[in-house]
Amino acid sequence: MPRRTVAKLATVSAVVAASVFAVAPTAHADLVTHCIGTGGAVTVPNDLLVPAGESCALTGTTITGNVTVAAGANLVVAGGRISGEVRVAADGYLDATETSVDGQVVLAAGGYGLFFKDARSGNVTVRPKGTATIDSFLFVEQSTIAGTVTAGAGEVRIDRGTQVQRNVSSTGTYYTDVHDSFVDGTLSVLNSATGSVVCGSAVRGRATFAGNLGGVQLGPNGTLDSCASGGYWGADVSVTSTTGGVTVDDNIINGGLTVTSNDPVAQVAANNRIRGGVTGEQAAASSNRAARVAAPDREDTGDQRAEIRRTSAVQEATAAGAARL
């Protein structure tokens with residue numbers, strides 16, 4: 001995300017700038033660190049909680065337990081390590097840069113969003129929106145997901161050299177896009193409101209696109225987003241029951257391409273290399289790079305939302321930390 005700026009986090013060098021207390025209804029209860037404000041290069045030897053409506057900004061912090069970001073709370077972590085899992089509640093936000101999460105990351109229904117940059121985590125899940133009013137987002141840049149990505153809501157963008165070591169599956173998102181990344185498993189995009197774009201990426205397993213309302217763009221020369229190149233597909237690719245247009249350009253498909261029940265019919269460029277041939281209705285498509293439509297950048301809206309939330313979170317955490325000194 002080229003317009004994203006990384007806010008400089010203020011730190012408190014002693015302990016996490018928050019109250020530390022033990023919840024002990026039984027002798028086996030664990031300590032829980034509450035974080036309100038800012039924290040530096042310390043080790044939290046237990047679970048961490050960002051209370052509802054609060055903000056926590058950590059730099060170089062190691063957390064040996066699980067992390068909970070409560071409703072409406074914000075957690076911004078830079079250069080950190082989390083040994084357990086992270087669960088983010090409704091309207092909660094997690095921003096992880098140069099940070100490792102050993103466990104899974106789960107964004108609850110109506111969660112504000114997840115942003116990873118130069119990070120590593122286990123499985124990542126965005127729960128379906130349900131009756132919530134907030135549209136979630138998941139943006140991943142230059143990161144490794146050592147597991148699956150499963151998204152049921154909002155904007156999903158996997159970008160800039162990200163590696164997903166297992167499957168990517170989305171159902172009912174606003175859009176699901178993959179740019180310049182590698183999926184070492186299957187890719188499934190179903191029923192997205194504005195469709196899907198895959199450019200400059202490699203997908204090792206089968207790829208399935210079905211029921212997408214805003215179109216599907218595989219490679220350049222499409223109307224959904226601007227990009228420079230197509231991708232590599234290690235198995236069959238299927239694009240079906242799609243409205244809004246299907247374009248397949250500059251791809252290598254080590255399997256067959258199925259394009260059926262699309263309205264309008266798919267445009268498949270002559271410059272694709274499709275080992276297993278094409279099944280279904282198709283129309284010829286131009287592969288002239290100069291003729292590519294300059295589509296609006298799909299990441300703008302979510303990028304701005306994430307930046308606003310991050311800036312607000314850091315400001316709130318810094319103010320809270322200063323008030324405790």
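Analyst: We shall go from the whole chain to one strand and then to one residue. This is a predicted model, in which local features need pLDDT of at least 70 and side-chain atom pairs count only at pLDDT 80 or more, while totals for chains, interfaces and linings use all residues. Residues are numbered from 1 along each chain as its sequence is written, and side-chain values use heavy atoms, with hydrogens and water left out.

User: How many helices and strands does the protein chain have?

Analyst: Helices (H or I, at least four residues) and strands (E, at least two) are DSSP runs, numbered from the N terminus; the protein chain has 1 helix and 39 strands.

User: How do I read the burial of strand β18?

Analyst: Buried means under 20% relative accessible area, exposed over 50%, and partly exposed in between (1.4 Å probe, protein chains only). In a regular strand the side chains alternate between the two faces of the sheet. In β18 (residues 137–141), 5 of the 5 residues are buried, with Phe 137, Phe 139 and Glu 141 on one side and Leu 138 and Val 140 on the other.

User: Which strands pair with β18?

Analyst: Two strands pair if DSSP finds at least two bridges between them. β18 pairs in the parallel sense with β15 (residues 113–117) over 4 bridges, and also in the parallel sense with β21 (residues 155–159) over 5 bridges. Val 140 is the bridge partner of Phe 116 and stands opposite Ile 158 in β21.

User: Is Thr 144 buried or exposed?

Analyst: Thr 144, found in strand β19 (residues 144–145), is buried, because its relative accessible area is 17%.
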